[in-house]
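Visitor: Could you give me a close look at one part of this model, where two chains meet? Please keep it step by step.

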Amino acid sequence: MIKRIFIRDTNSSSVDKARDFCNAFRNQLRERQMDEKVQLIRAADMGVYNQGIVMRILPDDFLYGQVEEKDIPRIIAETVCGGKCVCDLVCHHAAKQCRIVLRNCGAVDPESIEDYIARDGYQALAKVLEQNDPEKVLAELKVSGLRGRGGAGYPTWLKWNLARNVKVNQKYVICNGDEGDPGAYMDRSVLEGDPYSVIEGLTIAGFVTGASKGYFYIRAEYPLAIERVQKALDRAYACGLLGENIFGSTFRFDAEIRLGAGAFVCGEETALIASIEGKRGYPRPRPPYPSTQGLWGKPTVINNVETLANISPILLKGGKWFSGIGTETSKGTKVFAVTGKVKNSGLVEVPMGTSIREIVFDIGGGAGGGKKVKAVQTGGPSGGVIPEDFFNTPVGYENLQKIGSIMGSGGMIVMDESDCMVDIAKFYLRFCVDESCGKCAPCRIGGTQLLNLLEKISDGKGNEEHLPALRRISFAMQKASLCGLGQTAPNPVLSTLNYFEEEYRTHVIEKRCPAKKCGKLFRYSIIQDKCKRCGLCVRNCPSDAISGNREKGYVIDEAKCSRCGLCLETCKPNAILRG
Amino acid sequence: MNRLKKEDLNRIKEEYGKRKKDWIKVGCSTCGIAAGAQEVFETLCREVKEHHLDIDVKKCGCAGMCYAEPLVEVNVEGMPRVFYGKVTSETADKIIEKHVRGKMLMDDHIYDLKVHQSDGEAGLL
């Protein structure tokens, strides 16, 4: 059998040594007349980072790291000819992903119900309806320890049980697909890549709680997700998996899509219900909780997309299996959307308890361009910033809360040393101010005041008294706001202030932005001695801020300059100074 | 399609298990489409038709490696299952020419491979 060897230089230096290494390897194979039996392939990614030359050998599936040219003869003799492992070269593949929610994403055709069924789809629903015992499902979910994946982490079985215990003729279940956190797109991918698993989860939720009607609340910004869920619903109706007498039982369940019109607050359950009812997306005080009085005053269960996608694997493989994954209080896996200043942005599903370091460095590949990772932001505008010192924290609901952030729905934005924390806090706060519904004063007024203060600080007009003021307003918002949006909106401010107070102080005392992000605290200028008069900066400047000519040289007009930094990037002789 | 019964589920599953056909999957979620997956998909379909190849070209969801989209997963019998990343129509042409017809893996485009059927799937299936 032909051997296939994948080779990749995993060091992030500017010179890629893989090509030379491959040539050396190929020459040595040729000397031994073995080049017909082995194919060498330069891989573009191996999922391993900073381990020098890494090679993976198939079909044996050995992974070697830090391989050098002197090792080639050994590898040829022992592994290629002998099929044995060269033990001292073995590279241990760290953090592995574990796919439960994303089990079908990328594997099935989202528009084919047969594809889903071929991968054990609808087996859980069939089993549940055959056994016809909702209590048993609840017991299984209780054992599994599944908690809501939308952010709050309320035990799913408890939520279902509360709604189940209310004796009325009409109840509802809702799938919350109003994913609004900047940078988070887990739910979108699941709805687009595996809509049937969510439909199956929702149907089971309907059966257990006694609801005969379900809604998919999906934000209108996800046209493809809406299209695929709609197709899946139509197909499920056609196959008798929605509607009357599902799988020959007496159970009836209908589901339809309702679109969210783009308000962030509608991801909050009471506002979401108002929105489905056709009212303005205003939250209301709880209790009564939706489980007892929700949509149109009826008991309603609202579950996140990811929670529902977890249901059928749990019922098929058992709650015990699920609770075997994860930590003491947080069971199972969590999908994170890793974005920002990270080499491999994308969706990552890891068991709870995996450390942030493993997610960012082992799976994400660390920050690109040789820069240092400074912090990650989790939980979107309701979450906080976690500095690099805390990266060994295992992810879980309580663990992240302890260090001033939340797991939230699973957005994870990586920041490197070129990110300014005041700027980050400003960004998230502006988002919350835009999205505040305006019903309660702490959120409406407090948010705006916080934003004003942050803007002053980043414009260099701040003073030391502004820092305690930030804390005071934040505290008031946390205590007095009506819903989760206002209560959590100051979190990014508080956590950056706690962990990066020094950076705030540099802004207000020295009037300097260490990361060179706050535009009014630094300027660009041209070092005339270094300037080669090529004019590249003039041509690239989008705001016409550079004037001059080849004879006289060039100057930057500070008033016109938008601080985009394009001149700095394009200048070959490094004649642009930032400071 | 008729209303499904529980037995039908197992029948469909079995039928799928018996299929021993080569396939190509193109990640066509928002992330893939934004990176140009539609064009890649069309190129692959066209090439397969032109050369009368016995291989399925299918759309699927996001496999998670959004940085490497458009992502194309190729399964040809006797070869490891690999993910080609950052595929353009030109690379798609080459995938058909080299990988599918020539049975040779391509340099510089492989982002991941699956050796075992259940790689990273938490023991499901």
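**Where chain B meets chain A**

Guide: Across the interface of chain B and chain A, the rule finds 21 residue pairs in polar contact, both residues at pLDDT 80 or more. A polar contact is a pair of N or O atoms within 3.5 Å; within protein, one must be able to donate a hydrogen and the other to accept it, and residues adjacent in sequence count only if both atoms are side-chain atoms. This is a predicted model, where local features need pLDDT of at least 70 and side-chain atom pairs count only at pLDDT 80 or more, while totals for chains, interfaces and linings use all residues. Residues are numbered from 1 along each chain as its sequence is written, chains are lettered from A and ligands numbered from 1 in written order, and side-chain values use heavy atoms, leaving out hydrogens and water.

Next, the charges. Six salt bridges are counted between chain B and chain A. Each needs a side-chain nitrogen of Lys or Arg within 4 Å of a carboxyl oxygen of Asp or Glu. In one salt bridge, Glu130(A) meets Lys6(B), at 3.4 Å from N to O.

Which elements of chain B supply this side? At least two residues each come from α1 (6–18), α2 (30–35), β2 (55–60) and β5 (110–114) of chain B. Helices (H or I, at least four residues) and strands (E, at least two) are DSSP runs, numbered from the N terminus. The largest share is from α1(B), with six residues. By type, the side of chain B that touches chain A has 27 nonpolar, eleven polar and 14 charged residues. Here Ala, Val, Leu, Ile, Met, Phe, Trp, Tyr, Cys and Pro are nonpolar; Asp, Glu, Lys and Arg are charged; the others, Gly among them, are polar.

Now the whole contact. Chain A brings 62 residues and chain B brings 52. Contact means heavy atoms within 4.5 Å. The two chains bury about 4,600 Å² between them, and carbon and sulfur atoms give 53% of that area. Buried area is the accessible area (1.4 Å probe) that two parts lose on being put together, summed over both.

Last, a glance inside chain A. Strands pair if DSSP finds at least two bridges between them. Seven bridges join β6 (residues 213–219) of chain A to β7(A). There, Ile218(A) stands opposite Leu259(A).
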